[in-house]
Amino acid sequence: MIKALAYCLFLVPFLGWGQFTIDVNLTLDNQIIGLNNPIQLNDHSFQLEQVRFYLSKFEFYQNDQLVAVDPAEAYLVDFDLDSTRKLIFPTIQSAQIDEIRFLFGIDSLTNTSGAMTGALDPMHGMYWSWQSGYINCKLEGTFLSPKREAFQLHLGGYMKPFLGAQYITLKNSKIGNTQLDIDLNSLMQEVIHQKSNLHVMSPCFKAVEYAQILAKSIDQKP
Amino acid sequence: MKRLEIACLILILILVSFRYTEKLWKTPSDWPEPYYNFKKNPLDSATIQLGRVLFYDPVLSSDSSISCASCHSPYNAFTHVDHALSHGIKDRIGTRNSPVLVNLAWGKSFMWDGAVNHLDMQALAPLENQLEMDETLAHVLQKIGKQEKYKRLFKTAFHSETMTGERFLKAISQFMLTLVSSNSKYDQVIRGEKGIQFTEQENKGYVLFRENCASCHTEPLFTNQSFENNGLAVDSILQDIGRMRITQKSSDSLKFKVPTLRNIERSAPYMHDGRYRSLQMVLFHYSSDIHSSETLAPQLRNGIQLTEDDKRCLIAFLKTLTDYTFLSNKQFQYPRTP
């Protein structure tokens with residue numbers, strides 16, 4: 001009987017019971033959006049062709065006390081690969097936490113630590129080669145109207161004053177797994193407003209500004 | 001009793017492995033400790049060999065015509081001959097002179113503008129530069145993944161055939177880390193080796209060197225690894241702003257990394273854009289052709305006052321930095337039996 005119970009307990013994480021998961025979505029005005037479909041925003045329409053970004057250094061809190069630190073260095077979320085949109089934390093029980101802290105991007109220390117593996121392997125194309133540093137977020141697409149124009153945002157930077165990684169804190173008010181929505185409305189409004197900055201591809205103030213806008217657009221849904 | 005035997009065996013294995021690592025890396029006496037963190041990438045003969053094979057393999061370029069060694073030849077202290085600027089695939093010409101690859105374990109940053117912050121990531125720069133190898137790391141891994149030779153080499157080095165970017169880059173790093181030059185005539189004199197001494201001319205050159213050059217080209221690495229504006233007029237075509245490209249600070253305008261002078265006799269042409277073909281031209285620059293600008297190194301405000309005899313003596317000294325043991329080391333050359 002005890003053996004059977006032990007087996008059951010062993011299987012719990014594999015069956016997904018109790019483990020904490022986060023589903024990441026891209027939204028625009030609370031509507032889920034995807035790649036390669038025309039999206040209307042005011043008098044502009046655009047399509048996204050590549051959206052990839054790093055989320056890293058997850059920490060889980062309850063009553064402001066650190067409960068657990070995720071051992072994974074980072075997650076590379078790629079909207080071309082559905083499987084990467086679900087982050088699974090096998091050792092975290094959702095009932096134990098009321099706050100999640102993480103980085104949108106990669107911290108400075110990791111950026112200066114040489115060749116890494118897994119999600120941080122430079123083979124994923126998220127590491128600049130002409131200079132050092134991870135690209136925290138790649139967002140590429142095309143404005144379809146009123147004028148056809150490509151936009152390419154490669155947001156990164158690990159040295160002052162161009163620190164690209166953004167600290168995110170979310171309250172996990174509801175018990176259970178969570179959904180992380182990244183709403184592109186504010187960013188795309190800004191990109192449309194700043195048409196001279198359609199290609200931001202190196203660490204700079206504009207890259208930091210865009211990263212900050214994205215960070216503020218991250219919201220948690222139960 | 002059995003426990004004691006096992007403990008002794010483990011101890012012997014640890015000592016043997018320690019001795020083995022020691023053989024692969026030895027910091028030259030009186031040199032500073034290397035900056036590279038060997039704990040994160042411990043030297044191993046199989047990984048060094050893998051890195052060496054990769055270094056000499058043109059499969060790293062998109063049309064399989066250019067290897068790392070194409071711009072970093074062992075006979076020229078691992079730099080290019082004949083080309084002022086790096087020579088890439090399809091006769092494309094880059095924007096900078098390929099630097100020597102020597103004593104990289106002490107390097108804190110890489111490339112003329114310090115764009116690369118870690119030796120492990122350095123190989124990515126030429127590999128993905130459109131004017132050089134014009135490849136991607138992912139595609140190179142795909143290409144070598146099809147070769148039995150590399151399956152064998154990765155298996156030997158990492159006990160697994162899995163080829164990741166991390167393993168690829170760390171293997172190349174390991175080979176580059178072994179490129180230590182510390183046995184020039186200068187080194188032998190400094191070590192007080194029997195029967196080795198500077199000639200009168202070399203000795204006068206050494207004194208002049210210490211007075212005029214050593215603040216930047218600091219011994220024993222012959223670089224202080226800083227970024228300086230050494231008074232070169234801006235090339236009107238290249239318009240290279242140097243370190244400022246990375247930091248975007250105007251105070252870094254026209255500053256380039258101070259290169260090592262080790263093996264300088266073999267590493268012409270000189271400067272970040274390879275504009276000088278001889279050491280005589282370099283010394284003419286420092287003595288008579290300094291271009292003044294806001295960021296010019298203060299030591300060069302008035303140029304370096306040198307007579308023609310001084311220049312001859314300085315060049316004689318600089319030639320004592322040629323390390324023939326390094327230049328002819330078979331372990332660094334093309335791996336004929338990979």
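This is a predicted model: local features need pLDDT of at least 70, side-chain atom pairs count only at pLDDT 80 or more; totals for chains, interfaces and linings use all residues.
Asp29(A) sits in the loop that joins β1 (19–28) to β2 (31–32) of chain A. Another loop of chain A, the one between β10 (149–156) and β11 (166–171), holds Pro161(A). Pro220(B) belongs to the loop between α10 and β1 (227–228) of chain B.

Back in chain A, helix α4 (residues 205–216) contains both Lys206(A) and Glu209(A), which are three residues apart, or about one turn of the helix. These two form a salt bridge, with the closest N and O atoms 2.9 Å apart. Side chains of opposite charge can pair when their charged atoms come close. Over all chains, the count comes to 24 salt bridges.

Next comes the meeting of the two chains. The contact involves 21 residues of chain A and 22 residues of chain B. The size of an interface is often given as the accessible area lost when the parts come together. For chain A and chain B that area is about 1800 Å², with 57% of it on carbon and sulfur atoms. On the chain A side, Ala115(A), Met123(A) and Ser129(A) account for 30% of the area buried against chain B, more than any other three residues. As for salt bridges across this interface, the count is zero.

Chain B can also be looked at in parts. Its domain assignment gives domain 1 (35–181) and domain 2 (185–322). The C-alpha centres of domain 1 and domain 2 of chain B are 27 Å apart, and 25 residues of domain 1 touch 24 residues of domain 2. Together, these two domains of chain B bury about 2000 Å², 51% of it on carbon and sulfur atoms. Within domain 1, the residues that lose the most area to domain 2 are Arg96(B), Trp112(B) and Asp113(B), which together make up 30% of what that side buries. Two salt bridges are counted between domain 1 and domain 2 of chain B. Arg96(B) also turns up in a salt bridge with Asp240(B), at 2.6 Å from N to O.

Helix α6 (residues 137–145) and helix α8 (residues 165–177) of chain B have axes that come within 10 Å and cross at roughly 85 degrees. An angle from 65 to 115 degrees counts as roughly perpendicular, so that is how α6(B) stands to α8(B). On the α6(B) side the contact uses Leu137(B), Val140(B), Leu141(B) and Ile144(B), and these meet Gly165(B), Phe168(B) and Leu169(B) of α8(B). Sorted by type, the residues of this contact come out as six nonpolar, one polar and no charged.

A second pair of helices in chain B, α10 (residues 200–212) and α13 (residues 308–319), packs at an angle of about 95 degrees, with the axes 7 Å apart. Helices α10(B) and α13(B) are therefore roughly perpendicular to each other. From α10(B), the contact draws on Gln201(B), Glu202(B), Lys204(B), Gly205(B), Tyr206(B), Leu208(B) and Phe209(B). From α13(B), the residues taking part include Asp309(B), Asp310(B), Arg312(B), Cys313(B) and Phe317(B). This contact between α10(B) and α13(B) is made up of eight nonpolar, two polar and five charged residues.

Finally, there is Phe158(B), which lies in helix α7 (residues 148–158) of chain B. Setting aside neighbours within four places in sequence, Phe158(B) is in contact with Thr47(B), Leu50(B) and Arg167(B). Between Phe158(B) and Ala171(B) there are 13 residues of separation in sequence and 9.9 Å in space, taken from C-alpha to C-alpha.

Conventions. Residues are numbered from 1 along each chain as its sequence is written. Chains are lettered from A and ligands numbered from 1 in the order in which they are written. Side-chain values use heavy atoms; hydrogens and water are left out. Axes are lines fitted to C-alpha atoms, for helices over the stretch in contact, and angles run from 0 to 180 degrees between N-to-C directions. Helices (H or I, at least four residues) and strands (E, at least two) are DSSP runs, numbered from the N terminus. Angles under 35 degrees count as roughly parallel, over 145 as roughly antiparallel, 65 to 115 as roughly perpendicular and the rest as oblique. Contact means heavy atoms within 4.5 Å. Ala, Val, Leu, Ile, Met, Phe, Trp, Tyr, Cys and Pro count as nonpolar, Asp, Glu, Lys and Arg as charged, and the others, Gly among them, as polar. Domain bounds come from an automatic or database domain assignment. Buried area is the accessible area (1.4 Å probe) that two parts lose on being put together, summed over both. A salt bridge is a side-chain nitrogen of Lys or Arg within 4 Å of a carboxyl oxygen of Asp or Glu.
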